[in-house]
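Visitor: I would like to learn how to read a structure, one feature at a time. Could we go through this one together, with the general idea before each case?

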Amino acid sequence: MTRAARIARAIFVAAMVSFAASGVLAAEAVPTEQDRATNARAVALSEQLRCLVCQNQTIADSSADLAVDLRRQVREQIAAGRTDSEILAYMTERYSDFVLYRPPVKAQTILLWAGPLLLLAVAAIVVVRIVRDRRMTATPTLSDDEREHARRLLDDDGDQR
Amino acid sequence: MNRKLLIPLAVFVVVFGFLLVGLTLNPREVPSPLVGKAAPAFRLARLHQPAEQLSPADLTGKVWLLNVWASWCVSCRVEHPLLVELAKSKVVPIVGLNYKDRREAGIEWLAQHGDPYDVSVVDADGRVGIDWGVYGVPETFIVDKQGVIRYKHIGPVDAAAVKNKILPLVRQLQAS
C-alpha cells in the first residue's frame, strides 16, 4: 500500500468513527411522561376544532397554514397552563361556535340536537295510529272450529230451547 | 280530496324551502363573533418604517378600515384596484395588515400594484390575524370611533359591497 493510500484510509476511518460518535450523541431526547400528556391533550383538542379554510377537516387533520397556526396556539396555551375549556373558549371568541365540531346546546342549536328525537317521536305516533286504525277496521275472521260451531248453532233452528 | 295526502306535501314544501334558502347561503362566510366587540389590541411594526409601531388605540376617534392582505394572496389582487380608488377618495383611512408575508415581498407588491394604505403593519407569524379571527385573506373590518368592530367582509370586496355596505356604514359611523 502506498503512503498516500494509507493516509487516505486513515482519514476515512477517522471520518467513519466520528460519524458514528456523532450519531450516538444525537440520539433523540426521550419524551417525558409530561410531554406525552401534553401531546395527548393537544391532539384531543385539535380533533374538536374545525379548520375554517378546509371546513370538513379538523385542525388536527388539515395541513392548511391556519390549521398549523391554530395547532401551535393550542400547544402554547397548554404550555401556559390553560384548561381545555379555556382554550376552546379562546377559539370560539375568535371563530364563533362554527369552529367547534360538536356544537354547544343552546337556543339556536336546539333543533339540531332535539331534531332526531323529534322525528323519532313523530314516526312513533304515526306508526301507533296506523296500527290502531288497522285493528279497528280489520274484519274479524273465524277459525275452522268456530265456523263449525256457528254452523251447528244455526242448523239447530233453536228447537232445543 | 283526502286531507291526509296533504301532509307529505306540506313536509315536502317545508324541506324544499329550507334547502332553497340553504342554496343561497355561503358556507365559507362564517359570521364573526367579533362584530360589536372591541377591536383586538395589537402593537405591530409598520411595513415601510419598521422602527415605528401602530396600535388600534392610536386610531381612537376615527372610523377606519382594517384590510388583511398579503403578497401571496391571489384574490387580494381582485379587490386591490377598488381599495386604491377608495383611498383616493380619502373618505376613510385604511390600515393594511400584511398577513404572514415577507416584508420585502409586501413592499414590492405595493410598489407594483399601488398602495391604498395609510399605514401597513406586519403580522409575520399571523398571531394578530388569529386574534382578529382571520381565516381567509383578504378580509376587511370596519372599526368605529370607539374602537368597536362594526362589520366584517370576508373575501375580496367588490364594487357592490363598497357602494352598498361599506361606504354607507362608514358615513353613518362618522356622523355619529
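This is a predicted model: local features need pLDDT of at least 70, side-chain atom pairs count only at pLDDT 80 or more; totals for chains, interfaces and linings use all residues.

Visitor: Where does α5(B) bend, and by about how many degrees?

Guide: The bend in α5(B) is at I166(B) and comes to about 35 degrees, with a proline, P168(B), following within four residues. This helix covers residues 159-175 of chain B, 17 residues in all, and from its first C-alpha to its last it reaches 23 Å, which is close to the 24 Å expected at 1.5 Å a residue.

Visitor: Which residues of α5(B) are buried?

Guide: A residue is called buried if 20 or more other C-beta atoms lie within 10 Å of its own. In α5(B) the buried residues are V162(B), I166(B), V170(B) and L173(B), so I166(B) is both a buried residue and, by the angle between the fitted axes, the site of the bend. The buried residues of this helix pack against α2 (74-89), β6 and β7 of chain B.

Visitor: Where does the kink in α2(B) lie?

Guide: The kink in α2(B), of about 40 degrees, lies at H80(B), shortly before the proline P81(B). H80(B) is also among the buried residues of α2(B), together with C76(B), E79(B), L83(B) and L86(B), and what covers them includes β3, β4 (94-99), α3 and α5 of chain B. After α2(B) comes K90(B), which has a positive phi, near 55 degrees.

Visitor: Why is A105(B) described as partly exposed?

Guide: Here one counts neighbours: partly exposed lies between the buried limit of 20 or more and the exposed limit of 12 or fewer. A105(B) has 13 other C-beta atoms within 10 Å, and therefore it is partly exposed.

Visitor: How many bridges join strand β6 to strand β7 of chain B?

Guide: For a pair of strands, one looks at the bridges and at the direction in which the strands run. Five bridges join β6 (residues 139-143) to β7 (residues 149-154) in chain B, and the two strands are antiparallel. Within the pair, I142(B) is placed opposite Y151(B). The hairpin has five residues between its strands, and G147(B) takes a positive phi near 80 degrees there.

Visitor: Which residues have the most contacts inside the largest nonpolar core?

Guide: That core holds 53 residues, and those with the most contacts inside it are L65(B), L66(B), V95(B) and V137(B). The element that gives the most to it is strand β3 of chain B (residues 64-69), with five residues. If neighbours within four places in sequence are left aside, the contacts of V95(B) are W64(B), L65(B), L66(B), Y117(B), D118(B), V119(B) and V121(B).

Visitor: How many helices and strands are there in chain A?

Guide: Chain A has six helices and zero strands, and buried residues make up 11% of its 161 residues.

Visitor: How many residues does each chain bring to the contact?

Guide: Chain A brings 13 residues and chain B brings 12. On the side of chain A, the elements giving two or more residues are α3 (65-79) and α4 (84-95), and by class this side has five nonpolar, four polar and four charged residues.

How values were computed. Residues are numbered from 1 along each chain as its sequence is written. Chains are lettered from A and ligands numbered from 1 in the order in which they are written. A nonpolar core is a set of buried Ala, Val, Leu, Ile, Met, Phe, Trp, Tyr and Cys residues joined through C-beta atoms within 7 Å. Two residues are in contact if their C-beta atoms, placed from the backbone, lie within 7 Å. Two strands pair if DSSP finds at least two bridges between them. The expected span of a helix is 1.5 Å times one less than its number of residues. The bend at a residue is the angle between axes fitted to the seven residues ending there and the seven starting there. Ala, Val, Leu, Ile, Met, Phe, Trp, Tyr, Cys and Pro count as nonpolar, Asp, Glu, Lys and Arg as charged, and the others, Gly among them, as polar.
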